[in-house]
Structures are given as C-alpha cells and as structure tokens.
Amino acid sequence: MTTFLIIFVLVLVAIAIWQMTKIFELSKLKTEDSQVANDKDNRYNGYLLFAFLIFIYGITIFSFYKYTKVLLPEAASEHGGEYDYLMLVSFIIIFFVQTITQALLHYFGYKYKGEKGKKALFFADNDRLEFIWTIIPVIVLAGLILWGLYTWTNIMDINDEDDPLIVELYAQQFNWTARYGGADNVLGGANVRMIDIDKANVLGLDEADPYASDDIIVKELHLPVGRKVNFKMRSQDVLHSAYMPHFRAQMNCVPGMITEFSFTPTITTAEMRLNPDVVDKVKRTNKIRAERAANGEENSDPWEFDYILLCNKICGKSHYNMQMKIIVESQEDYDAWVKSQQTFSQTMASIQ
Amino acid sequence: MSVTAHAHADDHAEDHAHHHKETFVTKYIFSQDHKMISKQYLITGLIMGFIGIAMSLLFRMQLAWPGESFAIFETFLGDWAPGGVMDADMYLALVTIHGTIMVFFVLTAGLSGTFSNLLIPLQIGARDMASGFLNMLSYWMFFVSSVIMVISLFVEAGPAAAGWTIYPPLSALPMAQPGSGMGMTLWLVSMAIFIASSLLGSLNYIVTVINLRTKGMSMTRLPLTIWAFFVTAVIGVISFPVLLSAALLLIMDRSFGTSFFLSDIFIQGEVLHYQGGSPVLFEHLFWFLGHPEVYIVLLPALGITSEVMSTNARKPIFGYRAMVASILAIAFLSTIVWGHHMFISGMNPFLGSVFTFTTLLIAIPSAVKAFNYITTLWKGNLQLNPAMLFSIGLVSTFITGGLTGIILGDSTLDINVHDTYFVVAHFHLVMGISALYGLFAGVYHWFPKMFKRMMNKNLGYVHFWITAICAYGVFFPMHFVGMAGVPRRYYENTAFPMFDELADVNVLITVFAIVAGLAQLVFLYNFISSIFYGKPTEQNPWKSNTLEWTAPIEHFHGNWEGAIPHVHRWAYDYSKVDKDGEYIIPGQDFVPQNIPLQEDEEELNH
C-alpha cells in the first residue's frame with residue numbers, strides 16, 4: 001500500500017515537472033505569447049481527457065478490488081436482506097449510468113478537440129433526444145421510488161404484532177445504556193427530572209411506577225435471535241444516533257422525545273463469527289494488531305468480532321468513542337442472561 | 001463634487017457613462033461599482049477558501065495518522081495541540097469551521113457574489129446594479145461577517161464545534177462542549193450578518209435582472225449564467241430568512257432561557273429548566289435553508305459551465321429551453337426536499353416517504369442538464385482552455401456525485417449510510433468539488449474582464465489536472481469508508497477494531513488531499529502574478545457572444561462609453577451557418593448578441 005502511494009506521488013510529481021518544463025520551454029521560445037488554447041494545447045489536453053477517463057475507470061476498479069473486503073458483512077436482521085438487495089440494484093444502475101456518461105463526456109472531449117479551421121455543428125435542439133433522456137430517468141426513478149417507499153414503509157411500521165421485545169436505548173455523553181421491560185415486557189415511566197444520582201437512578205425511572213420495578217438496566221445489549229425487537233430511544237443531553245450497521249439500523253436519539261426503530265436479528269454473534277467474510281476480516285485485523293503489538297504500540301490486543309452500537313450524530317468531545325456491545329444469542333442463553341441481571345427494584349433496595 | 005464635474009456630467013445624455021472624480025476610498029474600498037465589488041467578493045472569498053482548505057488538510061492529517069504529533073499542529077493550533085497532538089474538541093472545531101467557511105463564505109459569497117456582481121449588469125447590458133449602494137452594503141456586511149468568523153477562531157474556549165449544521169442542544173449548551181460558548185455566539189452573529197448581506201445582494205440581483213435588461217434582451221435571450229444567478233437569488237430570498245429565524249431562536253435559547261429547541265435535559269449532574277422545545281424543529285428550519293443552499297452553491301456553477309462550455313465548444317448550448325426549465329424545476333424542487341437530511345431524525349416516517357419522492361424527482365432535471373452538457377460537446381470544435389477543462393471536470397464530478405444521491409435520497413437506503421463517510425464523499429463531489437470547479441472556470445474565463453490581463457494557461461493546466469486527479473483520489477475511495485460503516489466527525493477510528501483495516505484508505509485519501517491542496521498554490525501564484533504581470537488582454541479573448549465582451553477593457557463606472565448596446569439575438573449563435581454552409585459573419589464562427597440579424601438569416605432561438 002505504502003509502495004503504491006509512493007509510486008503514485010512520484011508519478012504526480014513527474015507530471016508536474018513535465019508540465020513545468022513545458023511552460024519553461026514555451027516561455028523561452030516565445031513562439032506564441034497568447035494565453036488562449038492553440039491547436040497544440042487542444043491536442044495535449046484532448047489526450048489527457050481520454051487518459052482521465054481511463055483514470056476514472058482505473059480508480060473505480062482499484063477501489064473495488066482493494067476495498068470491497070472492508071464493506072459490512074451480510075446483514076444480520078430480517079429487513080437487512082431486502083435493504084442489501086435494493087442497495088445492490090441501485091448500485092448496478094448507478095455504475096451502468098456512470099460508466100456510459102463518463103465515457104461519452106471524456107470521449108467527446110478527446111474526439112472533438114479543437115483544430116484551427118474546423119467547423120462545429122450548430123446543433124441547438126432536438127425534442128426527441130431530450131424527451132428520451134427525460135423519460136428514461138423518470139421510469140427508472142419511478143421504479144426505485146416505489147420500491148424504496150414500499151421497503152421504507154415496512155421497516156418503519158413499528159407495531160406490537162408478534163410479541164416484540166421492548167428495549168430502551170438511552171444515550172448520554174458519552175455512553176449507552178439499555179433498559180429491558182423485565183418480566184412484564186413493559187418499560188416503566190421515566191423522565192430526566194426523576195434522575196437521582198445519589199440513589200443510582202441514572203435513567204430517571206419513576207420509582208412509584210409498578211412497571212418500572214422489574215426493569216433491567218444494563219451496559220451490554222443482549223438480543224434473542226429471531227425475535228422482533230422494538231427499540232425506544234431516549235437521550236438525556238444532546239442529539240445522539242443509535243447506529244447498528246450490521247443490522248442496517250439507525251435512529252436518532254432526541255432529548256425531549258422518544259424515537260423508535262424495530263428489527264428482528266437473524267444471525268447470532270457466534271454464527272456471525274463463522275461467516276467467511278467475518279473470519280477473513282478478523283484475520284486481517286488481527287494481523288494489523290499483531291504488527292502493532294510487535295512495535296510495542298497500544299491498542300493491539302487481538303480482536304474478536306462483535307456486533308456494535310455506535311453513536312452517529314456529533315455529540316461532543318468523545319463522540320468517536322461512544323459505543324456498546326451487542327450480543328445476539330439463542331433464546332435459552334438470553335433467558336439465562338436475563339435471570340442473572342438485577343432488576344431496578346433490587347438495585348434500589350441494595351443501595352438504600 | 002466640483003462644478004466642472006457637474007458640467008461634465010450634464011453634458012452627457014442619460015445613456016452615457018458617468019465619470020465621477022473617484023477618490024481612492026470610493027474607487028477601491030467603498031466602491032459602488034459592481035465590477036470592483038465583484039473583485040472584492042472574489043478576493044475575500046479566496047482568502048476564506050485558503051483558510052477553509054488549510055483546515056481540511058489539518059484534520060485529514062489527524063484522520064490518517066491518529067494521535068501522531070505534528071509540529072505543524074503545534075504551530076497553527078497552539079494550546080489545542082499539546083505536544084503537537086490535536087485535541088479532540090479542536091478536531092470538531094476544524095470540521096465545523098471548514099464546513100461553514102466553504103459552504104457559506106467561499107461557495108455562496110465567493111462564487112455567486114463574485115460572478116453575479118460581475119456578470120449580471122455586463123451580460124444584460126446595464127450600467128450597474130439597480131442599487132449600487134445596497135450592493136456595496138452587501139459586500140461590506142459579508143466582509144464584517146467574515147472577520148467575525150475569523151475572530152471566533154481565536155476565542156479562548158475555541159470556535160464553534162457542533163458541526164456546520166449546529167444542531168442544538170449541542171450548540172446551545174456550553175457545558176456540552178466548550179465551543180458552544182463564546183465561539184458559537186460569534187458564529188451565530190457572523191451568520192446573522194452574512195444572511196442580511198446575502199439578502200441585500202439577492203434582492204439587488206433579482207431587481208436588476210427584471211428591470212435593467214437592455215433593449216432586445218428578453219428573458220429567453222438571457223445567457224444561462226444570468227438565468228442561474230437570477231434563480232439562485234430567488235431561492236436565497238426564499239430560504240435564507242428561515243435560517244435567520246433558526247439562528248435567532250437559537251440565540252434566544254442560548255442567552256434568554258427560552259425553550260424553542262430544548263427539552264428534558266440532564267447534563268453535568270443537573271436538570272436544566274428547558275421544557276417543550278424540539279431539536280427536530282431546528283433541523284427543519286436549518287434544512288429549509290440548508291438544502292436549497294446546495295443549489296444556491298451549485299446553480300451559479302452550472303450557469304458558468306453552460307456559458308464557458310458553449311463558448312469553448314464553439315457550439316450553442318444544447319437545449320437552451322430545457323436548461324432554463326431544468327434550472328426552474330431544480331429551484332422549485334430544492335425548496336421541498338429538505339427532509340431527506342432528516343429521514344432518521346425521529347420525524348414521522350410518512351414525511352420521510354414524501355421527501356423521498358420529491359428528492360428522487362430532482363434527479364430528473366439534473367440528468368437532463370448532464371445529458372445536455374454532453375451533447376453540447378458532441379461535434380464541437382473544443383477549445384480546451386483551463387476554464388473549459390474545469391467545466392468538463394464539473395460535469396464529471398456532478399455526475400459521479402449526483403448518482404450516489406439516488407442512494408442517499410432513498411429513505412430506505414439512507415438508514416445505513418446516513419451520517420457516514422458515504423455522505424461526505426457524495427456531497428463533496430456533487431456540490432463541493434463541482435462548485436469549486438465552477439468557481440475556477442469562472443475565474444479563468446472572466447479574469448481578463450476583471451483584471452484586464454490573461455492568466456497563464458499552462459499553470460492553469462497544471463492546476464486543473466492535479467486537482468482533477470486528486471479530487472477523485474480523495475472522494476472515490478471515501479465511499480467505501482462510508483459503506484464500511486465509519487461515521488463522520490470521528491476524531492479517530494481507533495476505538496473500533498472493525499475499522500482498523502481502513503487506516504490504509506485514510507492515508508491514501510490524506511495524501512491525495514495534501515497534493516490537491518498544494519496544487520491550489522499553483523493557482524494562487526498564477527492568480528496573483530497575472531493580476532500584475534499577466535499578458536494584457538484583447539477585447540474578446542475567447543471570441544464570445546455575450547455583451548460583457550463588447551464593453552471596453554478599461555473599467556469605469558457605467559461599463560459602456562456612449563450608448564448601451566442593444567440585443568438582437570440569443571447568446572449562443574456559435575458556428576451558425578447560412579443556407580450555403582457559410583458562417584453568418586464571414587470568417588468568424590461567432591455572432592455577438594449585439595449584431596442585428598443578417599439578411600436572410602433566420603432567428604433560431606431555441
């Protein structure tokens with residue numbers, strides 16, 4: 001990689017020097033003092049436009065070759081598959097259009113480079129052509145719009161069918177907290193005005209609300225695989241955004257209101273760790289981290305794949321490190337984990 | 001004014017230029033001449049651009065080599081880079097001010113301000129703007145707001161750092177972030193003055209275009225530059241006041257304890273009194289300007305491209321009426337798409353559906369424009385001057401960046417790429433780089449008109465090619481960073497092992513960015529040295545049709561000696577031939593707008 005960089009910079013420097021010497025030559029010879037492009041300029045720049053087209057294709061191919069592997073692995077949620085498919089189709093359309101239009105643009109730039117005495121075609125209008133390239137985008141976009149809207153409506157239809165698990169995601173500078181409804185799967189009432197740090201009531205739960213007493217407050221998000229989860233998001237200070245890229249899920253957390261998102265996890269953490277893409281990624285990453293360890297640098301412990309919740313709305317100094325681990329597991333493991341957690345009333349009792 | 005000057009002025013009929021005795025102050029500082037004001041806008045804009053780009057290089061270095069110590073950080077950032085390592089708050093401040101400066105001060109004032117001022121009177125055949133005084137006021141308010149914005153960089157707690165979108169509560173609460181103290185106050189004051197300046201300018205442009213067109217200059221004969229500036233001014237008048245209201249309400253929340261945007265906040269161990277406000281309301285108000293702003297930045301660039309491309313292709317712009325219709329359609333749609341910045345803000349998902357619909361519609365006029373540019377090149381006789389190359393470059397980045405808009409405008413697909421580097425790559429290509437190319441195209445093309453000298457073309461070529469390669473080098477790989485899930489505005493990505501392998505890409509991007517930054521020094525040198533030592537220009541160096549090239553090279557208030565030229569045709573009669581296939585004017589492939597129709601010539605006004 002570094003070698004590529006060095007080569008590339010050298011090439012750029014070489015081009016710059018080449019151009020500079022040309023300028024020097026031109027200024028010395030004084031063959032022509034005009035600062036308007038002449039036939040020679042048109043020729044050179046025409047060729048360069050063509051070369052630039054190849055560069056655009058080149059960097060596209062290079063990026064795909066080199067960076068496809070860094071993209072997110074297979075979606076781990078039910079709607080994620082549909083999301084990825086729509087994304088794929090959109091990308092195919094985009095690259096089709098990109099390849100053709102860039103080719104036309106730069107090829108015309110090269111093909112019709114100016115020459116003294118050449119006559120351009122006075123071609124000011126053509127209704128049929130314009131109709132064609134208006135109607136084609138209309139049709140393609142209509143398709144994309146309808147498909148997108150259909151998917152969007154499905155994703156954003158947050159309802160209580162299929163007995164969803166209710167989980168609150170609570171954001172503050174600069175960490176996340178999750179709250180489960182407990183045995184009754186109902187979240188107790190809460191408001192920042194009821195926060196009592198001395199009593200460790202950090203989420204401002206209403207201590208008088210019977211629904212709140214069995215709530216479970218944790219710093220690690222556990223989800224049973226295959227069960228729909230309805231997230232209720234809150235923030236206590238500034239805007240945050242709960243971003244769960246592996247599940248193709250994101251929603252802002254807004255102080256003063258409760259926002260919602262819902263998805264069904266389909267792949268457990270253990271299964272995901274066996275996904276070939278993930279295995280490769282972990283291998284590559286740990287190689288980098290081993291190099292770091294060899295150099296005695298920090299942040300070099302071997303990494304094991306985990307789903308992650310990131311903050312994706314600028315929220316202050318440590319915005320870049322506001323995260324929570326997500327663990328998707330079987331129903332039994334989940335139940336066992338829930339049992340091992342303290343409820344809100346137990347926590348309160350232990351402190352008083 | 002002296003008696004002789006009075007007599008002198010009286011001698012002239014109304015149609016004549018006004019020769020006032022100009023002092024240094026009235027000529028160079030408090031000038032009411034649109035040409036001088038446009039130069040003031042350009043130079044102020046370029047200075048701000050220099051600051052904005054330099055900032056981006058600093059934070060790009062931090063991203064490529066996180067936590068590393070650089071002497072350059074210590075030099076420029078002082079206490080905010082203890083030991084040469086950039087502070088995380090400073091990183092956010094740099095990102096914020098970079099965005100603010102580039103969007104408002106460079107690409108709004110620097111681009112639209114410069115070329116609207118220069119070209120509107122000259123291309124429609126007017127002596128000056130409708131109100132020279134308001135025009136002067138507009139520039140000086142812009143200058144004051146620039147100065148305040150620069151001063152805010154030196155505030156003890158640091159400049160505004162809540163992102164250029166300054167979403168509250170982060171921007172409203174000094175305890176949430178040090179930059180939200182004095183720095184944010186200055187930011188808001190600066191922007192309030194900027195908005196007033198922009199409104200004065202826009203109203204002036206609109207009135208001038210509507211009222212002061214010369215005889216024969218019907219709306220359908222206006223060059224596309226003027227159409228673009230005119231419509232840009234209209235969008236500005238519609239949307240900038242909304243930003244002013246957002247800024248005012250935010251000032252109220254910050255300083256007078258109101259709760260427009262704030263509610264239920266517990267920060268640093270205490271509950272604040274705010275109740276009932278909504279940050280989402282601020283987002284609506286902000287983006288009601290924020291999205292049209294994209295087109296306020298872009299339309300002038302597209303207008304300049306239309307003109308430069310047609311002139312240098314020696315061909316009429318293809319589909320003039322479709323181009324005008326596209327500008328109008330884009331302008332209309334641009335005011336009803338703002339919600340696509342807020343799909344996951346917590347607003348009702350149904351609104352998301354509506355905004356997806358309008359957003360994807362805007363791709364249609366954009367596509368028409370792109371196709372029309374490409375067809376304009378077809379069978380042309382392309383004079384590849386630097387301005388022309390930048391115009392072609394603009395179309396290229398406009399397409400590349402615009403296409404990814406199809407993904408971001410789709411509420412479904414936006415979910416997972418929202419606020420990631422995918423967005424950063426998208427908008428930098430489609431509005432940042434494209435608009436900058438438009439600015440450069442304009443500078444190279446109209447430099448002779450502004451400074452009476454030519455810029456060096458070879459330095460122009462070096463500037464273009466390095467910039468063009470590096471722009472793609474920076475922003476193409478960046479899409480992949482975003483698709484890997486890296487959020488924007490992260491001080492470093494090291495807290496997430498899943499982003500470890502992206503360190504390479506970030507180094508690559510930063511190297512391209514630094515080379516691109518250095519290439520701008522070539523432009524800077526060319527610009528400054530050409531002002532003083534450039535080759536003196538001819539009357540009409542690019543053999544162009546528009547009226548500004550009929551005005552004398554020498555500048556004076558009033559533009560034309562004697563009568564204002566009248567217009568007899570549209571601006572795009574390049575390579576027009578008669579029935580025998582000969583040029584309309586023998587030996588000349590262009591027919592300026594002030595030339596009457598020749599015998600037997602048909603007016604092909606498309």
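The structure is a predicted model, and the contact in it takes 112 residues from chain A and 121 residues from chain B. The largest nonpolar core holds 289 residues, while five strands of chain A form an open sheet.

**The contact between the chains**

- On the side of chain A that touches chain B, several elements each supply at least two residues, including helix 1 (2-29), helix 2 (39-67), strand 6 (240-244) and strand 9 (307-311) of chain A.
- Helix 4 of chain A, which spans residues 127-156, gives the most to this side of chain A, with 15 residues.
- Sorted by class, the side of chain A that touches chain B has 63 nonpolar, 33 polar and 16 charged residues.

**The largest nonpolar core**

- In soluble globular proteins, nonpolar side chains tend to be buried together.
- Within the largest nonpolar core here, Leu169(A) and Phe230(B) are the residues that touch the most other members, and the largest share of this core, 23 residues, comes from helix 5 (residues 88-124) of chain B.
- When neighbours within four places in sequence are left aside, Phe230(B) is in contact with Tyr205(B), Ile206(B) and Val209(B).

**The sheet in chain A**

- The five strands of the open sheet follow the order 3-2-1-5-8 in chain A, and their pairing is mixed.
- Strand 3 (216-218) and strand 8 (259-263) of chain A are the edge strands, each pairing on one side only, and the twist averages 25° from one strand to the next.
- Strand 1 (residues 165-172) and strand 2 (residues 175-180) of chain A pair in the antiparallel sense over six bridges, and Val167(A) stands opposite Tyr180(A) in strand 2 of chain A.

Terms used: Residues are numbered from 1 along each chain as its sequence is written. Chains are lettered from A and ligands numbered from 1 in the order in which they are written. This is a predicted model: local features need pLDDT of at least 70, side-chain atom pairs count only at pLDDT 80 or more; totals for chains, interfaces and linings use all residues. A nonpolar core is a set of buried Ala, Val, Leu, Ile, Met, Phe, Trp, Tyr and Cys residues joined through C-beta atoms within 7 Å. A residue is buried if 20 or more other C-beta atoms lie within 10 Å of its own, exposed if 12 or fewer, and partly exposed in between; C-beta atoms are placed from the backbone. Helices (H or I, at least four residues) and strands (E, at least two) are DSSP runs, numbered from the N terminus. Two residues are in contact if their C-beta atoms, placed from the backbone, lie within 7 Å. Two strands pair if DSSP finds at least two bridges between them. Axes are lines fitted to C-alpha atoms, for helices over the stretch in contact, and angles run from 0 to 180 degrees between N-to-C directions. Ala, Val, Leu, Ile, Met, Phe, Trp, Tyr, Cys and Pro count as nonpolar, Asp, Glu, Lys and Arg as charged, and the others, Gly among them, as polar.
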